[in-house]
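Please read the following points with the sequence and the structure at hand.

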Amino acid sequence: KGPRALVIEGAALKHLLGDPELEEVLFAVASNCDAVIACRVSPKQKAELVNLVRQNVKPEPITLAIGDGANDVGMIQEAHVGIGISGKEGKQAVNASDFAIAQFRFLEDLILIHGRWNFFRLSTVVLFSFYKNAIMAGILSVFSSRCVYSGTPLFDEWLIAMLNFGAAMPIVLTGLFDRCLSKEYVRAHPEVYKATRQNELITARTLFRWIIMCVIHLNALYYFT
């Protein structure tokens, strides 16, 4: 009763990793522990441990690896998200990582705060980018029925060429600076992570809502202006 931890050395992992049955036993034991500590392991064994989690958890989880030296490169590249710490161990881990931080304590803000903000921003940018182009294409499609489908453009060519530049500015600003909730509120209310964990921002329901909004807006723009 109580918390459990598994401590295992690289010499033991050498006999366990590579054998499907022993790997399954190892994962079964490790998954019942609150912490797993692998010491004196080689770079290859670190990567294999990450792969062990990816292969045995269904559905496949998002794995994260963090390291500060060259011996962590394989582990960082094997994980979905790799984070390198720049320090005395050199730049190999940073060069192979997706994100670089200066100190381990910055990991909390990176994952819990900036990770959530970025997920919201990127989701909005993706949907907004499709929306602006669908509006223009939809208006041209509606206009085609009025000109016997001759291909006559409703807008001047320069306006069509400038659309992506002009309409991209609010999208870029949103993608760079939008913060839906303050850092203090997110820390105090862990339930706000539910939307990102369940991927509620880009779902079929959300996409369908944007499509309906696009149809309404393009008809309003064409018939009421």
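1. The lining of the second largest pocket draws at least two residues from each of β1 (5–9), α2 (20–31), β2 (35–39), α3 (43–56) and β3 (64–67). The model under discussion is a predicted one. Among these elements, α3 gives the largest share of this lining, with five residues.

2. The second largest pocket has a volume of about 540 Å³. Its lining comprises 21 residues, and those nearest its centre are Val-36, Lys-46, Leu-49, Val-50 and Val-53. By class, 18 residues of this lining are nonpolar, two are polar and one is charged.

3. The largest pocket holds about 760 Å³ of space. Of the 21 residues that line the largest pocket, Ile-62, Ile-111, Gly-115, Arg-116 and Phe-119 lie nearest its centre. Two or more lining residues come from each of β4 (81–85), α6 and α9 (194–197); the largest share, ten residues, belongs to α6. Twelve nonpolar, seven polar and two charged residues make up the lining of the largest pocket.

4. Helix α10 (residues 204–223) has 20 residues, so at 1.5 Å a residue it should span 28 Å; its end C-alpha atoms lie 29 Å apart, which agrees.

5. Which residues of α10 are buried? They are Thr-206, Cys-214, Leu-218 and Tyr-222. Seen down the axis of α10, these buried residues fall within an arc of 120 degrees, and therefore they line one face of the helix. The buried residues of α10 pack against α6 (107–144), while Arg-205, Phe-208 and Ile-216 are exposed on the other side of α10.

Conventions:
Residues are numbered from 1 along each chain as its sequence is written. This is a predicted model: local features need pLDDT of at least 70, side-chain atom pairs count only at pLDDT 80 or more; totals for chains, interfaces and linings use all residues. Side-chain values use heavy atoms; hydrogens and water are left out. Helices (H or I, at least four residues) and strands (E, at least two) are DSSP runs, numbered from the N terminus. The expected span of a helix is 1.5 Å times one less than its number of residues. Buried means under 20% relative accessible area, exposed over 50%, partly exposed in between (1.4 Å probe, protein chains only). The arc is that of the directions from the helix axis to the C-beta atoms. Contact means heavy atoms within 4.5 Å. On a 1 Å grid over the protein atoms alone, a cavity is a set of points where a 1.4 Å probe fits but cannot get out, and a pocket is an open set with protein on both sides within 12 Å along at least five of seven lines; lining residues have an atom within 4 Å of a point. Grid points are joined across faces, edges and corners, and a volume is the space filled by probe spheres set on the points. Ala, Val, Leu, Ile, Met, Phe, Trp, Tyr, Cys and Pro count as nonpolar, Asp, Glu, Lys and Arg as charged, and the others, Gly among them, as polar.
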